[in-house]
Amino acid sequence: MRLALNDEQRSLLEAVTDVLATEASFDRWYRPDIDMLAEERRLNRLGAEMGWIGIAAPTALGGLELDLVDLAVVHSRLGAWLAPLGLSFAALVAEAAAAAGDADLAVGIIRGETGVALIGETGLAVGQAAPGVAFR
């Protein structure tokens with residue numbers, strides 16, 4: 001089976017790439033005076049504003065209600081740039097919260113008001129800076 005992007009997905013990929021070329025370029029991260037946490041927070045806010053966190057979540061909750069292929073297209077591009085891993089994690093948690101019926105949590109994550117993190121058994125955390133909700 002061959003998977004190919006349709007015209008809408010190619011346009012979505014180009015739009016995300018254009019934003020990331022300006023907002024998450026390698027040059028932005030490799031400055032001697034960078035505040036890493038501030039930069040991560042800025043990109044998480046941008047991800048919420050652009051709809052990348054709520055891409056698969058229902059429109060009734062502020063999401064875009066696109067399918068998993070669209071989610072993969074956007075987040076594969078985020079992975080190709082230096083976008084925070086927390087953006088992708090937040091998108092998955094927002095979708096899970098919506099599916100579980102926790103609308104308040106889903107809306108908070110989609111809007112970028114509630115950060116999320118996953119804390120492993122070793123204490124290693126993956127997610128957004130200053131999470132409001134942590135999962136074990």
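## A walk through the helices and their core

Helix H6 is mostly covered, since six of its eight residues are buried, where buried means under 20% relative accessible area, exposed means over 50% and partly exposed lies in between (1.4 Å probe, protein chains only). This is a predicted model, in which local features need pLDDT of at least 70 and side-chain atom pairs count only at pLDDT 80 or more, while totals for chains, interfaces and linings use all residues. Residues are numbered from 1 along each chain as its sequence is written, and side-chain values use heavy atoms, with hydrogens and water left out. Helices (H or I, at least four residues) and strands (E, at least two) are DSSP runs, numbered from the N terminus.

The buried residues of H6 are Leu-105, Ala-106, Val-107, Gly-108, Ile-109 and Ile-110. What covers them includes H3, H5, strand E1 (116–119) and strand E3 (133–135). Just after H6, Gly-112 takes a positive phi of about 80°.

One of these covering elements, H5 (residues 85–99), packs against H6 (residues 103–110) at an angle of about 155°, with the two axes 8 Å apart. That angle makes H5 roughly antiparallel to H6, because angles over 145 degrees count as roughly antiparallel, under 35 as roughly parallel, 65 to 115 as roughly perpendicular and the rest as oblique. Here the axes are lines fitted to C-alpha atoms, for helices over the stretch in contact, and angles run from 0 to 180 degrees between N-to-C directions. On the H5 side, Ala-90, Val-93, Ala-94, Ala-97 and Ala-98 meet Leu-105, Ala-106, Ile-109 and Ile-110 of H6, with contact meaning heavy atoms within 4.5 Å. By class, this contact has nine nonpolar residues, no polar ones and no charged ones; Ala, Val, Leu, Ile, Met, Phe, Trp, Tyr, Cys and Pro count as nonpolar, Asp, Glu, Lys and Arg as charged, and the others, Gly among them, as polar.

H5 also packs with H4, at an angle of about 160° and with the axes 9 Å apart. H4 is therefore roughly antiparallel to H5, and the crossing of H4 and H5 is left-handed. In this pairing Leu-71, His-75 and Leu-78 of H4 meet Leu-87, Ser-88 and Ala-91 of H5, and the residues of the contact divide into four nonpolar, two polar and no charged.

The largest nonpolar core has 34 residues, and those with the most contacts inside it are Leu-20, Trp-52, Ile-53, Leu-78 and Ile-109; such a core is a set of buried Ala, Val, Leu, Ile, Met, Phe, Trp, Tyr and Cys residues joined through side-chain atoms within 4.5 Å. The elements that give two or more residues to this core are H1, helix H3 (36–50), helix H4 (68–80), H5 and H6, and H5 gives the most, with eight residues.

Not counting residues up to four places away in sequence, Leu-20 touches Ser-25, Trp-52, Arg-77, Leu-78, Trp-81 and Ala-83. Ser-25 itself lies in the loop between helix H1 (7–23) and helix H2 (26–29), and Ser-25 is buried, with a relative accessible area of 15%.

Gln-9, placed in helix H1, counts as buried because its relative accessibility is 7%. Not counting residues up to four places away in sequence, Gln-9 touches Ala-4, Asp-67, Val-69, Asp-70 and Val-73.

Methods:
A crossing is left-handed if the near helix is turned anticlockwise from the far one by less than a right angle, and right-handed if clockwise.
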